[in-house]
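Let's walk through this one together, a question at a time. Please have a look at the sequence and the fold before reading on.

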Amino acid sequence: MALLESITQSEPTKKMTMDEPVETLFSTTASKLVGKPINRVDGSLKVSGQAKYSAEIHLDNQAYGVLVGATIAKGRVESIDNDSLKGIPNIIKVVTDPEHFLRNSQQGGLKKAPTQGATEIFYHGQPIAVVIAETFEAAREGAKALKVTYTDETDQAALNFTQELSNAHAVDEKKGSDKNYVQGDPDQGLADAAVTVDRFYHTPSQNSSAMEPHATLAHWEDDKLVLYTANQMLASCKQQVMDALDLSEDQVQLIAHYVGGGFGSKLGIAPESIAAAIAAKDLGRPVLITMTRPQVMEATIRRSNTRQRIAIGANNDGVIDTLIHDTISSNLPDEAFFEPTALSTHYLYSGKNRRVNYELVDMNQVLAGSMRAPGEAVGMIAVECAMDELATQLELDPIELRRRNEPEKDPTKDIPFSTRKLIECMEQGAKQFGWDKRNAKPASQLEGDWWIGTGMAAAARGNQLQASEARATLQVDESKALGIKAVIETDMTDIGTGSYTVFSQVAADLLGLPIDHVEMKLGDSALPPASGSGGSWGAASAGSSVYLACEQLREMLAEKVGLYPDNIQLDNGQIKKAGEHDSTAMEAAKKSSQLFAESTIDKLSQTTGLSLSGQSASQEYDFDNTEAYALAEVVADYEEQKISAKGQINPGKNGKKYRQSSFGANFAEVAVHKVTGEIRVKRMTGAFAAGRILNHKTATSQCYGGMVFGIGSALMEEIIHDKRDGRLCNHDLAEYHVPVNADVPQLDVILVEEDDPYTNPMHIKGIGETAIAGAAAAIANAVYNAVGVRVYDFPITLDKLLYEMPE
């Protein structure tokens, strides 16, 4: 009946909702291509410049736009003097739309447009107009020269986070990714505890600093808007554009074949996209708007700054009884997003008394939103530094302290973990790092002019599954060595994480084809909608839809040749029997196939009007006398010499019945100069468990990136707003410091073996954001071990060490 239901659709569709654990076909495929560290399939295109990003697309008669940002932090636009641009060559016009221009970017996954309006000013740098010219240089000159008159209310703006803490208000839990939580009596538990740590930690605002700036090329095909844009999640971004401009679904198409990094900054649409669409409509020609680096930092998103209170109460053996995590973060007025710092605090360690509480401060600063590992990236700095301080008080090894507080179940929801390999990660990481050789006593190892210290921290990142859809097609292609290729289509994006590669591996493995026989089509909203790249769910969600589409093709091929789906093996372009098969069952399969071809197809064709002749077996396949059939020949027997199917994955009960998370452990060794306080990271080791690994090379690369992010968070990254006028003081990569090659030592990554059947049909979990969680804390703990100085205000800069350094 399930097969009959799928055939009545225009394309057969394999659907799965994760309500129970499932087996994976990867255990039975012939090539075992999934997991291998193959090179990126799009690598040659990128290094040769053939992979075009949004700003590199060129259309005939294209004009260029540069955004104009407000020069006040609060107030209103009174007038824009277009005449101030007279005399500048190649200027076309100034375009503004007080109603439809975006005040700020949108959060990821939302379907509505972000706050709109270009008259009332809420932060310095807010886009209010765009200057259009024949060249980018002319538009940039015009944007700089444009005169704007304001009603300036900057003296009433909220610009100092510390001063605004008294105005913190409750968050809207319904719109956040975490909730306030109380269990037991945390305050009394803390008061009764034999050993306590109770500290405030401060983390600054940060910028994603993706290599590719935000850019959109907009053009109209009659009443249809086409945007070549830099977005991570096309399906939801399309809906945001529709809402912002009051357009219907068939009037909007977003294309992002390649995205040069996002880290959360491109989850939702940004101001340049709507401005480009409005300008292109106004001019009747394509318009490209590429944000400058300062505009990216001033007018897209930031990671919120936070003040976090971590209070831990334990007995003399280090067993935790009480855990409190209170956070205040900031955002623009009327924005619901708050930094969910305690996402992993809920389940990382045991403790019967617990509290998580969030508050929010309204600030006249650029939008706060999701940045790589929102929540854990800065929340685990506080938690893991506090755990290290507790271990010091107890004179316990930090790993042993964590081992003693390993929960058997999620301590807040009383549900089991799908898998939990934190201890294995700590053990394997410790062995490879040489943790047993560390000096436990702070400020005890001086090598020349450098104090040496080591530190570690746990890592955790919740695993999620999102609804996704993909199409898989097998079609005859004589240009391929095996005479056939697979075409995979989904609007999923590749933001540098390797989507093109890992999905190609999934399809090639399941369909028994070499990797170069797979054509991957991504990044176009006209394709089946996927989860998009974000939240470490992209590979699992979009990849599962690719998996299911390929599984549906396998079932259709099995029906075609008279096999059971679990008895078919696709290998190097051939269809084979997986092994010995009961002859009675084989005959039943053949009879079923014959009856399906002779009866069901004819009836369905008459009643639905669909052309289904391609589903029938026009020749008999006899596996009793033949070892294998060429896949190309079987597909050639279908109508149009191709066969297509869709896959749809949806989250289900597993996400509620089991706590799903990736786990890991970061280890770091640092050197601190005894005179200057300069900090150098000498080496880092990370061990991470994230289910099955689709590609060991790309997964390791993601871990490298997360660990590098940790170096930046620990030692240098900090957005600085002027507390007097709201200007962003360090709005470029010269002044906003991110780790460069000289800052990053050789990184050592261990991928701990794991298989999780509760997550998705591939048994995988997200890994790219797990590696950043705890990485900064490991470095901070190493700094303490080196010089005996605890820093609670991040990043750890030398001025925060100098006056407390050992003699």
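**Contacts, helix pairs and backbone**

Leu 360 touches Asn 167, Ala 168, His 169, Val 171, Ser 329, Ser 330, Asn 331, Glu 335, Phe 337 and Phe 338, leaving out residues up to four places away in sequence (contact means heavy atoms within 4.5 Å). This is a predicted model, in which local features need pLDDT of at least 70 and side-chain atom pairs count only at pLDDT 80 or more, while totals for chains, interfaces and linings use all residues. Residues are numbered from 1 along each chain as its sequence is written, and side-chain values use heavy atoms, with hydrogens and water left out.

Q: Is Leu 360 buried or exposed?
A: Leu 360 sits in strand β17; helices (H or I, at least four residues) and strands (E, at least two) are DSSP runs, numbered from the N terminus. Buried means under 20% relative accessible area, exposed over 50% and partly exposed in between, using a 1.4 Å probe and protein chains only. With a relative accessible area of 2%, Leu 360 is therefore buried.

Q: What separates the C-alpha atoms of Leu 360 and Asn 167?
A: Asn 167 is one of the residues that Leu 360 touches. Along the chain the two are 193 residues apart, and their C-alpha atoms are separated by 8.6 Å.

Q: How do the axes of α6 and α7 lie to each other?
A: Helix α6 (residues 234-245) packs with helix α7 (residues 271-283) at an angle of about 50 degrees, and their axes are 11 Å apart. Axes are lines fitted to C-alpha atoms, for helices over the stretch in contact, and angles run from 0 to 180 degrees between N-to-C directions. Angles under 35 degrees count as roughly parallel, over 145 as roughly antiparallel, 65 to 115 as roughly perpendicular and the rest as oblique. α6 and α7 are therefore oblique.

Q: Which residues make the contact of α6 with α7, and of which class are they?
A: On the α6 side the contact is made by Val 241, Ala 244 and Leu 245, and on the α7 side by Ile 274, Ala 277 and Ile 278. Ala, Val, Leu, Ile, Met, Phe, Trp, Tyr, Cys and Pro count as nonpolar, Asp, Glu, Lys and Arg as charged, and the others, Gly among them, as polar. By class, this contact has no polar and no charged residues, and six nonpolar.

Q: Is α12 roughly parallel or roughly antiparallel to α13?
A: The axes of helix α12 (residues 499-511) and α13 cross at roughly 25 degrees and come within 9 Å. That angle is why α12 counts as roughly parallel to α13.

Q: How many residues of each class are in the contact of α12 with α13?
A: From α12 come Phe 503, Val 506, Ala 507, Leu 510 and Leu 511, which meet α13 residues including Gly 538, Ala 542, Tyr 547 and Arg 554. The residues of this contact divide into one charged, two polar and eleven nonpolar.

Q: With which side chain does the side chain of Ser 536 make a polar contact?
A: Ser 536 is in the loop between β22 (518-521) and α13 (538-561), and at 18% relative accessibility it counts as buried. Leaving aside neighbours within four places in sequence, Ser 536 is in contact with Gly 766, Ile 767, Gly 768 and Glu 769. A polar contact is a pair of N or O atoms within 3.5 Å; within protein, one must be able to donate a hydrogen and the other to accept it, and residues adjacent in sequence count only if both atoms are side-chain atoms. At 2.8 Å, the partner is the side chain of Glu 769.

Q: Where does Ser 531 lie?
A: Ser 531 counts as buried, at 8% relative accessibility. Among the residues Ser 531 touches are Met 233, Gln 466, Met 492 and Trp 537. Ser 531 lies in the loop between β22 and α13.

Q: What is phi of His 763?
A: Most residues other than glycine have a negative phi, and most peptide bonds are trans. His 763 lies in the loop between β29 (747-751) and α18 and is buried, with a relative accessible area of 4%. Phi of His 763 has a positive value, near 65 degrees.

Q: Is Asp 334 buried or exposed?
A: Asp 334 is found in the loop between β16 (320-331) and β17 (353-362), with a positive phi near 70 degrees. Its relative accessible area is 73%, so Asp 334 is exposed.
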